[in-house]
Amino acid sequence: MLSEDICALEELRYLNLSYTLIEMLPDSITDLSELRTLDLSWCYHLKALPERLRNLTQMRHLDLYRCESLSHLPSGIGYFENLTSMPLLVLGNDSDCACLGDLQRLNKLRGRLEIRNLENARGTSDAKSAELRFKNLDHLGLSWSWSSSSQSMGDEYDWFEVLEELEPNERLKVLDLTGYMGSKFPRWISFMYNLIKISISDCGCEKLPALGQLPRLEELQLKGMRYIKRIGPEIYGDRDGEHDVTFPSLKKLGLYDLPMLFEWSDYDLRHSSLLFPRLETLTVEGCPQLRYMPYYPNTLLHLTVCNSSGGILQSLTRFGVLCSVLIKDMEIDVPLTYLTSLCNVQKLVLFNIKDELTIRLLAEFPNLVHLGILHCHQLRSIRFFISPSLEKLHISDCPNLSLIGVTSYSISSHLKELVVEDCPLVTQVENMSSCLSLRKLIIKGCSEFKIDHGELNDLKKLEYLLISGCPNLERRLRKDTSLISRIPCVILGDRKVSPHV
């Protein structure tokens with residue numbers, strides 16, 4: 001708790017309480033009439049601000065960023081006519097709480113502004129009086145709280161009208177919408193031509209706004225849109241001619257927790273190559289019904305598919321130049337042979353694949369550099385040829401895995417790092433001696449693992465060996481150090497050992 005004696009610092013202009021555990025500010029802080037900057041950022045436990053905060057009329061910077069427990073701001077914020085930065089405004093439902101009208105006179109406000117609890121907006125006129133279009137904002141967040149909206153909002157509340165009146169300045173670069181339950185989005189969203197990033201979360205609309213013609217949009221995130229079943233022509237916007245590019249600058253696209261979405265259609269585009277011409281990163285997470293995605297251009301480099309329909313993997317044949325692929329938390333209901341269409345992928349990670357399966361990956365990955373198979377609890381066996389390009393192989397937490405068979409595709413194999421950990425049924429890596437370029441070998445949590453003398457001798461380039469959680473193997477190597485005498489760095493258990501002693 002900050003002392004009430006803070007008021008003795010009559011000339012104080014700057015007060016930084018950021019990252020503290022403070023819950024309340026003393027009322028006497030409102031006597032600091034010269035205070036220009038009050039930094040309360042990252043004060044997670046701050047619950048309220050003094051009611052007489054309006055007395056601090058010299059305030060230029062009121063930083064409330066990430067004050068997650070703040071229930072409301074007091075009324076009178078509008079007296080801070082010289083205020084230039086205030087990242088957070090939390091509305092209350094009482095007359096002594098801040099309202100949107102408090103923003104009317106704050107025309108020097110710039111930078112970032114997040115307005116929370118918009119369910120407490122006092123009607124359309126209150127939203128209009130905020131006059132956001134006169135604020136030089138580059139990042140605007142607008143959020144409604146579902147938990148309180150059901151109790152405080154009457155039938156007279158018009159979601160669409162409120163959001164329509166909160167139109168920001170056209171210079172806006174980042175827009176976050178959360179919890180909006182109107183039936184449609186206002187048109188101004190489609191004409192924010194300087195937007196670089198848009199995030200729409202937990203909203204109740206069945207159709208998305210037209211975003212495809214925003215010329216500078218680089219990142220689009222759709223989250224928790226529980227009523228969206230299909231994404232189609234409405235999102236592309238009006239195109240003047242058949243050769244108009246759609247989403248001309250988009251680089252990152254994320255679809256998260258869209259439980260009803262089954263299709264993203266591109267059927268009305270005559271030239272699919274004009275859709276997402278610069279897209280580099282695609283993430284699909286929590287979309288269990290989604291089976292059809294539009295064509296993506298050869299610019300797409302990074303793909304993540306998590307907790308979604310395995311049917312998405314059927315479209316992998318269209319992802320020609322992917323650099324990295326993460327497939328996570330999936331029940332794969334299509335053959336893993338679809339993965340072999342990723343002939344240009346450099347990094348492939350399979351994480352928590354839930355089906356009982358056997359992986360036989362051959363050399364159809366001529367450019368694969370890093371392969372990770374992690375937390376696949378139903379995986380029984382892995383047997384594959386290593387392509388000449390593979391440098392790192394990581395297998396972890398596969399408790400039912402009993403067989404790892406590795407064969408070098410050619411004498412020019414470049415496998416440099418092999419990690420096997422927390423696979424208690426694995427006793428060896430078959431044909432490990434064929435990995436002649438191996439420099440780093442880590443075996444952890446494989447209690448029955450064995451390495452014979454000949455294998456270690458064949459790995460002549462080995463520079464780093466770590467064995468932990470393999471008691472029999474550790475005991476053997478400590479007893480006969482000739483097996484490891486030529487390896488520069490050897491760690492057995494949690495200790496580095498000197499093989500020359």
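Where is Tyr 19 found? Tyr 19 sits in the loop between E1 and E2. The model described here is predicted. The protein has 501 residues, of which 50% count as buried, and its secondary structure comes to six helices and 27 strands.

**Overall figures**

- The accessible surface of the protein comes to about 22500 Å², and carbon and sulfur atoms account for 47% of that surface.
- Of the contacts between residues at least 6 apart in sequence, 48% join residues at least 24 apart.

**The sheet E1-E2-E3**

- Three strands form an open sheet in the order E1-E2-E3, and their pairing is parallel.
- Strand E1 (14–16) and strand E3 (61–63) are the edge strands, each pairing on one side only.
- On average, and with direction ignored, neighbouring strands of this sheet are turned by 5 degrees against each other.
- E1 and strand E2 (residues 37–39) run parallel and are joined by three bridges.
- Within this pairing, Tyr 14 stands opposite Thr 37 in E2.
- Strands of a sheet pair through backbone hydrogen bonds, either parallel or antiparallel.

- Most residues other than glycine have a negative phi.
- Tyr 19 is not a glycine, yet its phi is positive, at about 60 degrees.
- Tyr 19 counts as exposed because its relative accessibility is 59%, and the cut-off for exposed is over 50%.
- Trp 42 is likewise a residue other than glycine with a positive phi, near 60 degrees.
- Trp 42 is found in the loop between E2 and E3.
- With a relative accessible area of 24%, Trp 42 is partly exposed, a class that lies between the cut-offs of 20% and 50%.

- Strand E9 (residues 219–223) pairs with strand E11 (residues 252–256) in the parallel sense, over five bridges.
- Leu 220 has Leu 253 in E11 as its bridge partner.
- E11 is also joined to strand E13 (residues 281–285) by five bridges, and these two strands run parallel.
- Tyr 256 has Glu 285 in E13 as its bridge partner.
- In a regular strand the side chains alternate between the two faces of the sheet.

**Nonpolar cores**

- The largest nonpolar core has 150 residues, and those with the most contacts inside it are Met 86, Leu 103 and Leu 255.
- Leaving aside residues up to four places away in sequence, Leu 255 touches Leu 222, Leu 261, Trp 264, Thr 283, Val 284, Glu 285, Cys 287, Leu 290 and Met 293.
- Another core, of five residues, lies apart from the largest one, and among its members are Val 419, Ile 442, Cys 489 and Ile 491.
- In soluble globular proteins, nonpolar side chains tend to be buried together.

**Lys 460**

- Lys 460 lies in the loop between helix H5 (453–458) and strand E25 (464–468).
- Lys 460 is exposed because its relative accessible area is 65%, and the cut-off is over 50%.
- The side chain of Lys 460 reaches the backbone oxygen of Asn 457 at 3.2 Å.
- Lys 460 and Arg 439 are 21 residues apart along the chain, and their C-alpha atoms are separated by 8.5 Å.

How values were computed. Residues numbered from 1 in each chain as written. Predicted model: local features only at pLDDT ≥ 70, side-chain atom pairs only at ≥ 80, totals over all residues. Heavy atoms only, no water. Pairing = 2+ DSSP bridges. Helix = DSSP H or I, 4+ residues; strand = E, 2+ residues; numbered from the N terminus. Axes fitted to C-alpha atoms, helices over the stretch in contact; angles between N-to-C directions. Buried < 20%, exposed > 50% of the residue type's maximum accessible area, 1.4 Å probe, protein only. Polar contact = N/O pair within 3.5 Å; in protein donor to acceptor, adjacent residues only side chain to side chain. Core = buried A, V, L, I, M, F, W, Y, C linked by side-chain atoms within 4.5 Å. Contact = heavy atoms within 4.5 Å. Areas by Shrake-Rupley, 256 points an atom, 1.4 Å probe, with all protein chains shown as cover.
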